[in-house]
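Dear colleague,

I am handing over the structure we spoke about, and it is shown just below.

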Amino acid sequence: MRLKSLLQKLPLFSDKGDSVERTIKEKQRAQRKKEKIVIPNLRLSYAEATSQLLGKYDRATAMSLAVGGDYEFMGDALRVRLERFGLKEGDYLIDVGCGSGRLAYALSLSKYRDTIRYLGIDIVPAMLEFAVEKCQCPSWRFELVTDLRIPEADECADMVCFFSVFTHLMQEESFIYLREAQRVLKPGGKIVISYFDMADPKHWEIFESNVNSVRGRQSKPMDIFLSEDFLNVWAQKLNLEILNGRAPDCGQRTCILQKL
Ligand SMILES: C[S@@+](CC[C@H](N)C(=O)[O-])C[C@H]1O[C@@H](n2cnc3c(N)ncnc32)[C@H](O)[C@@H]1O
């Protein structure tokens, strides 16, 4: 009895000590809650998003969803577009952000299988592995990149494409990649970019759904919207000519640039 009353007089064991501790914990909890509300950026990396999909779906479905879905149909639609924009047999094509090989697979089933040189680069190893397995084209290169460089020499490529890649990069990162594309292209070579356009009414629904994701604090890969103004300025800065700022859509607006 005497020991208990003695202990209670010590701050560590007293009720007063308990309540101070409780108040501190409550304050910390409130602070954490506050911080959670004010942190705006919920950007989920592409690698994290891919591994979440792999945990949820079978591999082929996950690999399709990771690049936007409709693997075979959309892959072929992209191939047809590249052909329309000037891809020809004998060309060297660089596919930046090739993902799980949606475009590469369609090309591998076409006349281009043995007639083009191809380099696909991406930041997610699991997607590159899938692309290699799907295409079965030993002479094509699929490479992992960890920076914003295209691992190629100057002036060697005929075409560089970015399908739904600038959509997931900060504008500064896209500009660095565009400069890289300009560097690796032969004079007269073409760059194909697809992007979400802030001014396109068809893309507004996507923007609105992203607003709701941010509100609901859902973490997903970042979607960035661009506009013709951005591309006009970038083209001017990099000595590129915009051949067609409104080429046929492929779900996103497509812009074709040429190295002068
Ligand atoms: C929406 S997917 C499109 C994939 C492919 N271009 C297609 O249309 O099927 C975006 C791709 O960009 C890749 N990516 C994101 N950041 C990148 C970066 N800094 N360098 C290269 N690829 C990147 C992602 O890993 C993903 O594969």
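In this predicted model, the ligand is surrounded by 21 residues, the closest of which are V67, G97, G99, R102 and F163. By class, the shell around the ligand divides into 14 nonpolar residues, five polar and two charged. Two elements, α6 (102-108) and β2 (117-122), each supply at least two residues of that shell.

Which residues of α7 are buried? They are M127, L128, F130, A131 and C135, and because these buried residues fall within an arc of 160 degrees when seen down the axis of α7, they line one face of the helix. The cover over the buried residues of α7 includes α3 (46-56), α4, α6, β2 and β3. Just after α7, Q136 takes a positive phi of about 50 degrees.

Although A66 and M127 are 61 residues apart along the chain, their C-alpha atoms are separated by 8.4 Å. Leaving aside residues up to four places away in sequence, A66 touches A49, T50, L53, G99, S100 and M127; among these contacts is G99, which is also one of the residues closest to the ligand. Why does A66 count as buried? A66 has 26 C-beta neighbours inside 10 Å, and the cut-off for a buried residue is 20 or more.

Two further backbone positions may be worth checking against your own view of the model. Most residues other than glycine have a negative phi. D70, however, has a positive phi near 50 degrees, and it lies in the loop between α4 (59-65) and α5 (71-84). S164 likewise has a positive phi, near 55 degrees, and its place is in the loop between β4 (157-162) and α8 (171-184). Are these two residues buried or exposed? D70 is partly exposed, because 14 other C-beta atoms lie within 10 Å of its own, whereas S164 is buried, because 21 other C-beta atoms lie within 10 Å.

Finally, for the chain as a whole, there are ten helices and eight strands, and buried residues make up 33% of the 260 residues. Of the contacts in the protein chain with a separation of 6 or more, 71% are accounted for by residues 24 or more positions apart.

With kind regards

Notes:
Residues are numbered from 1 along each chain as its sequence is written. This is a predicted model: local features need pLDDT of at least 70, side-chain atom pairs count only at pLDDT 80 or more; totals for chains, interfaces and linings use all residues. A residue is near a molecule or strand if its C-beta atom, placed from the backbone, lies within 6 Å of it. Helices (H or I, at least four residues) and strands (E, at least two) are DSSP runs, numbered from the N terminus. Ala, Val, Leu, Ile, Met, Phe, Trp, Tyr, Cys and Pro count as nonpolar, Asp, Glu, Lys and Arg as charged, and the others, Gly among them, as polar. A residue is buried if 20 or more other C-beta atoms lie within 10 Å of its own, exposed if 12 or fewer, and partly exposed in between; C-beta atoms are placed from the backbone. Two residues are in contact if their C-beta atoms, placed from the backbone, lie within 7 Å. The arc is that of the directions from the helix axis to the C-beta atoms.
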